[in-house]
Amino acid sequence: MKKSYLNLTLFLVIGLNGFSQTDPFINCIPNGFIPDPFENAATLCQTYGSQTPDLTIGEGTSFPYATDILGSTLDGKRINIIGDFTVDKSFTFKNCIIKINPGKAIFCDVQSLKIDNSKLFACDQLWKGIIMVDYSSIYCRNNTIIEDAEGAIQSENPVFSFINLSNTTFNRNRIGVLIENSALNIYPQISVFQNNRFTCTSPLNGTTNEYSFAGIKSKNLNVITSQYAKSNYFYDLHYGIFTEGEATEISGSIYRMFRIKDEGIVLCKGKLDISGSLFLNCRINAVHVLKNQTTAIKATTFIINDQIINNNLHTAIKIDEFLPNSTTNITTSISGTLNWSRFGEKITGIHLQGNKIAGGTDIKVTNSYVLVDNRGGIGINLPGLFPSSSSTLLENNTITIGLSNDSPFNRMDYPTGISSVGEKNNLRILSNKFTGSTPYQSGDQSIGISIVNSTGQGNEISTNEFYGIKVLNFPPNPPINIGSKGHYFRTGLTMENAMNFRVCNNINDNGADNGFVFDKSCLNTNFILNENYGSRYGTFISESGVISEQEHKGNKWFLKIDKGWGLIPYRYASCKNLPEVDKNKFTVHTTQSTGFPPFGIFNEFHPDRIEPDQNNEFFDADLNGSPSTACVTQLASTISETDLAIAGGLYSSNSSYPSSLLDANKYLFRKLFLNPELIQLNPVLQTFYNNNINNNVGYLVKAEKLLDDAYQINQTISANINNNLNNQLLISSEIAELDSLLSISDESDSSVILQRTILVQQYLYHQLQLDSFYSQANLDFYFGLELALNELQLINTISIYETNEKAYLNIFLNSLRYQEGRITESQGEILKSIAEQCPTVGGFAVINARNLLPFCYSNFYEFCDEQIDIPYGDQTFIYLGENPLIGSNNQSNQEGLFSNLINNKINSDQSITEYLYEIYNLSGQKIESSSNPVDIHNRVNFSNGIYFLVTTDISGNKTVSKFVILK
């Protein structure tokens, strides 16, 4: 059986604390593996192959047909089938041992076949299997075992046929249940599917290394399993359930898939609704949906905890494409723990692929637990374009990330909690908790949330928390170098070329070494009510970073206090982009703090360790203002000083980021193009708009807008799609009720069967309607892509970054329009040439090109060094007593000394004599004082311990630094 595709991605591992205690396998899991009861057991051929038969049947015997056998049941017989055997009347094998010659089959013709507590097998080679024809039904139950078949149960276009499977084991078959229809068909129907096992305990007969392809393989079957399906197990197969062709529904609960060699569930197109399930060590994807109508995964656990070889990507849940008005609801538990090597494995928890996201798509990942302890691992991955006609909510999830073992190869290798690369619209990341499995170490690059390359609208990152381990122990035995022990992340939130985001009410509670980091063009960032405790850098804006001015947003920067200790950041806030520092200015309602309690006055809205900090360049006070108290939306009608600077030509490109001017001009033109009422607010805006409407900036923005418009769905089509989807949902529930009745009936009730058939016919009717409306929406989409392509051709590129943007967009649009989203080899070469550039020179298109390239192209390029240059600095520890009080008044303060201990001497980083130097011990007792730094530097007769150097300048401003004496 040939695989129809190989679309690789990754999978994961989770702890067992998410399992129900009622699961019968929980208490017998050695080292994380759930044993197969049939593992290492003798095959049926080894046990019964030499039996002396009570009866020999099939072609070439006196009993080629069931009607040749007296009665309707063979009970307790040893049977050899040496030729094809045809069931032409209702017939039962009960308590039988049935050996079948290789290549032979059982044909179920017009009648029902029941296999009750019987064993079917072959020796040496495979037998064909049970083959269904029109008006046939198969019932397998009561510990029946079927081994050694090419397809244990096979069906191709049968009319009015049913499969009823309960308490049956399919072992060492190439395929357990094979259903292949030439077109959409309502038959066969799997009316009962519960308590079955699909496994492969050793290589198939006649082979040395071939294992079962799939437990169930179907093509063009509407409903494989209903919501009533439950408690089905799959072991050691290449695929658990593998579907092809037209729309399919897979439903049910308590699926168990263990050690699957490729993918657990492959849904080509359709609906997936599973709950209470477990996927353990699926080698590529645990769940892979190629075209999603609806996906609901609830209370399900995904695990990978063995070392996987020969694959680079492992994913728990992967969805490639979202059909119009599709819905995705995931509430699950995922964990992955694999060591990373240079060409080793990478783990992703949930991968939701952008670009092919039709209008009306609604995605929710909520109340989930995701652990990924793997260099390059990602908890939730959102690559590609998510159009404005879609919405994505990531809420109330707990995400735990491990560390990279050494310097990452490139930014794609950073362990990341939530990663978004590419245009996003209506993305809401709310109330998630981020923590780590290992404390942060110098050189590690793990990130809580990473947002890269987006200029979309309606995006929000709010009420998330990055939290770390306890930082300090109570004296008298505090640990040394504690500052690096409390954090789990290098950065909590990293934004790179991410515009128009609301970032509100997030807390970095010692979880990240650097709380909030902004790199390159992050214009129109609305940074509100965020809090930072005890990190080295609270807020950091890189040398090329611009976020637009922030006025009275109510952000707070705190000491981290634990049992009387205070942890002071190296910098509460730092802006390295000095030429554009006015475009990043924080205007607050208080004057600057003077120090740290108990030595100064501290206000969390305007702390004192700020850079630059000479003339209020970065932070400034407006005592008439008041801080924000709610996560207000940045209004599109607002024109900022930064916007006017761009419009007036006063926004120059940063020397380290030459493409930033194009980014800024596109940002402002897009804002005016989408909100034309703004153009009249200022003459400079009108001039800017007129100058760009018919040049490269305008053409690029209009092409991107036409692309976003292409994703929109006609309202009538949308309503019809929703109507049919809702009707299918109701029908599925009714089918499940009938299946529950069939499962308890020894003989199928003809009236129930008829009702089920009618419902499945209705389900198929609505699917045909859906496909018709999908086709109409697709034609509209293609027309919109053509408009965007035409606009793109107007661009006459000049700079390298304009050339890159046009080339990337041209490939992307053609890929969607003519290639079903795939990339040709020649297109791949162009993308590679863009991807190898530095983003600061090549512009937005560099990261977008890397994101569009297949993994086999892009994974191993040594791209230029993209690490944001956040200098390392030590936090300072002060002892505040058991009930520390922090002052609320503020006075100005200048930067003081930084001290450490070298050769038992205290050394300052600058030669300043206009200071009063004082040394305090842990109890707050002053033990030395001098105005001469030489006197202080030469004091070496202190006892071992922690001390504090307090420096006071001629204006009375104080700075506190820690030093340690160890002799």
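Biologist: How many bridges join β39 to strand β42?

Modeller: In this predicted model, strand β39 covers residues 459-462 and strand β42 covers residues 501-504. The two strands run parallel, and one of the facing pairs is Ile461 of β39, which stands opposite Val503 in β42. The number of bridges that join β39 to β42 is four.

Biologist: Which residue of β39 does Leu430 stand opposite?

Modeller: Strand β36, made of residues 427-430, runs parallel to β39, and three bridges join the two strands. Within β39, the residue that stands opposite Leu430 is Ser462.

Biologist: How many disulfides does the count come to?

Modeller: A pair of cysteine sulfur atoms has to lie within 2.5 Å to count as a disulfide. Cys45 and Cys123 form such a link with their sulfur atoms 1.9 Å apart, and Cys504 and Cys631 form another with their sulfur atoms 1.8 Å apart. The count of disulfides comes to two.

Biologist: How many residues apart in sequence are the parts that Cys45 and Cys123 tie together?

Modeller: The link of Cys45 and Cys123 is right-handed, with 120° about the S-S bond. Cys45 lies in helix α1, residues 44-48, whereas Cys123 lies in the loop between β9 and β10, so the pair ties together parts of the chain whose separation in sequence is 78 residues.

Biologist: Why is the disulfide of Cys504 and Cys631 described as left-handed?

Modeller: This pair links distant parts of the chain, with Cys504 in strand β42 and Cys631 in the loop between β55 and α2, 127 residues apart. The disulfide is left-handed because the torsion about its S-S bond is about -85°.

Biologist: What relative accessibility does Cys631 have, and what relative accessible area does Cys504 have?

Modeller: Cys631 counts as partly exposed, and its relative accessibility is 26%. Cys504 is buried, and its relative accessible area is 0%.

Biologist: How far from Cys108 is the nearest cysteine sulfur?

Modeller: Cys108 counts as buried, at 0% relative accessibility, and it is in no disulfide.

Biologist: Which word describes how α3 lies relative to α8?

Modeller: Helix α3, residues 660-674, and helix α8, residues 800-818, have axes that come within 9 Å and cross at roughly 55°. With that angle, α3 counts as oblique to α8.

Biologist: Which residues of α8 do Leu662, Asp663 and Lys666 in α3 meet?

Modeller: The crossing of α3 and α8 is right-handed. On the α8 side, the residues that meet Leu662, Asp663 and Lys666 of α3 are Tyr801, Glu802 and Glu805.

Biologist: At what angle do α3 and helix α4 pack?

Modeller: Helix α4 is made of residues 683-692, and its axis and that of α3 are 10 Å apart. The contact is made by residues including Leu668 and Phe669 of α3 and Phe688 and Tyr689 of α4. The helices are roughly perpendicular, and they pack at an angle of about 105°.

Biologist: What percentage of the residues of the protein chain count as buried?

Modeller: The secondary structure of the chain comes to 13 helices and 62 strands. Of the 967 residues of the protein chain, the share that counts as buried is 61%.

Key
Residues are numbered from 1 along each chain as its sequence is written. This is a predicted model: local features need pLDDT of at least 70, side-chain atom pairs count only at pLDDT 80 or more; totals for chains, interfaces and linings use all residues. Side-chain values use heavy atoms; hydrogens and water are left out. Buried means under 20% relative accessible area, exposed over 50%, partly exposed in between (1.4 Å probe, protein chains only). Two strands pair if DSSP finds at least two bridges between them. Axes are lines fitted to C-alpha atoms, for helices over the stretch in contact, and angles run from 0 to 180 degrees between N-to-C directions. Angles under 35 degrees count as roughly parallel, over 145 as roughly antiparallel, 65 to 115 as roughly perpendicular and the rest as oblique. A crossing is left-handed if the near helix is turned anticlockwise from the far one by less than a right angle, and right-handed if clockwise. Contact means heavy atoms within 4.5 Å.
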